[in-house]
Amino acid sequence: MKIERHKSLKKYNTFGIDVIAEEFIEITSESELVETLSNTTEKELFILSGGSNMLLTQNLHSLVLHIAIKGITILEDTDTYVHVSVNAGENWHDFVQYCIQNDYGGLENLSLIPGYVGSAPIQNIGAYGVELKDTMLSCDAIDIKTGKKHTFSNADCKFGYRNSIFKNEEKGNFIITKVTFKLSKGNHTLNTSYGAIENALTNKGITNPTIKDISEAVIEIRKSKLPDPSEIGNSGSFFKNPVISKDHFEQLQKTYPDIPSYTLDEQQIKVPAGWLIEQCGFKGKRWGDAGVHKKQALVLVNYDNATGAEILDISKRIQKRIREKFNIKLETEVNII
Ligand code: EPU
């Protein structure tokens, strides 16, 4: 394995932020990873997967490990389901498309999410009524301190909304190398209840959709709303959708009768951050090369050469304004480095 020095990470993060890694190693196998870890105990490490959920605001003086371990293996194949293991360095969307081509069901709603497979469990990626936790059986990870492999079951991961054990008590302790899914064969359970999917299918006159139809509908919806990172740098939703109390929501409803919401339980309501940000007039605004996407206010964008600090500054201004106007605290979904 080769150590690259003074390497630009612009191509390695979907925001396209040009920061420098002092040292960078591309990891292509689990054994290479274990060997590297055993040789670098003194160094601070930075684990880089698809770079799709981070905002880099400074040069990295640590050793950057880019986890590029590839490969897909079928572990069990029956008439009704399949167990598929996929290595961390596979591109998420390519893996979803592989599943669609083989008629393995369960991940179609998660089409076109940027990033690698290895980071998908960390924030329990989700879209259009489906989350990774619905089909993930387990994931393998290497303990950074000991170099030992550990298998986490679905329950071990303590999944929540854009959350898992890897963002909490085990933060920074493990490197995910492989994720295993149980996917359906033949008799798929489809999830088409999300309004936008229903509309897209109806518009196409599809009443009995296949998983491929759903994947295509999701791709169409995402393309119509979300910027393609290969054209405009971004990290998808920059903020989480905040959860507020029912009382607080009812207060807001008096002033904003059209406020959209998802009821979580008797006491808690989730409000779309994109709507709140739009109400504050940020949607489509641009300062230099940094801005707020014109079709989805939840997404901050780098038009070309914005710095991480410029994007961070916009995010802070948005948080401040939302606090003032709605008394709501917006939390970032993206990791700020
Ligand atoms: N809305 C606005 N203005 C905007 C954006 C949204 O008024 O600029 C309103 C919409 O009209 C709608 C509501 O907000 O009433 C929700 O919008 P949308 O369906 O686009 O979903 P979202 O809540 O903004 C979440 C996820 C997305 C995911 C979609 C679809 C979070 C933080 N984001 O967005 O995830 O694709 O639902 O399931 O939960 C990501 O995590 O990177 C991501 C893109």
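Q: What covers the buried residues of α5?
A: The cover includes β15 (243-245), β17 (268-270) and α7 (308-326), with contact meaning heavy atoms within 4.5 Å. Helices (H or I, at least four residues) and strands (E, at least two) are DSSP runs numbered from the N terminus. This is a predicted model, where local features need pLDDT of at least 70, side-chain atom pairs count only at pLDDT 80 or more, and totals for chains, interfaces and linings use all residues. Residues are numbered from 1 along each chain as its sequence is written, and side-chain values use heavy atoms, leaving out hydrogens and water.

Q: Which residues of helix α5 are called buried?
A: In α5 (residues 246-255) they are H248, F249 and L252; buried means under 20% relative accessible area, exposed over 50%, and partly exposed in between (1.4 Å probe, protein chains only).

Q: Why are the buried residues of α5 said to line one face of the helix?
A: Seen down the axis of α5, they fall within an arc of 100 degrees, so they line one face. The arc uses directions from the helix axis to the C-beta atoms. On the other side of α5, D247 and K254 are exposed.

Q: Which element gives the largest share of the shell around the ligand?
A: That is α6, with 3 residues.
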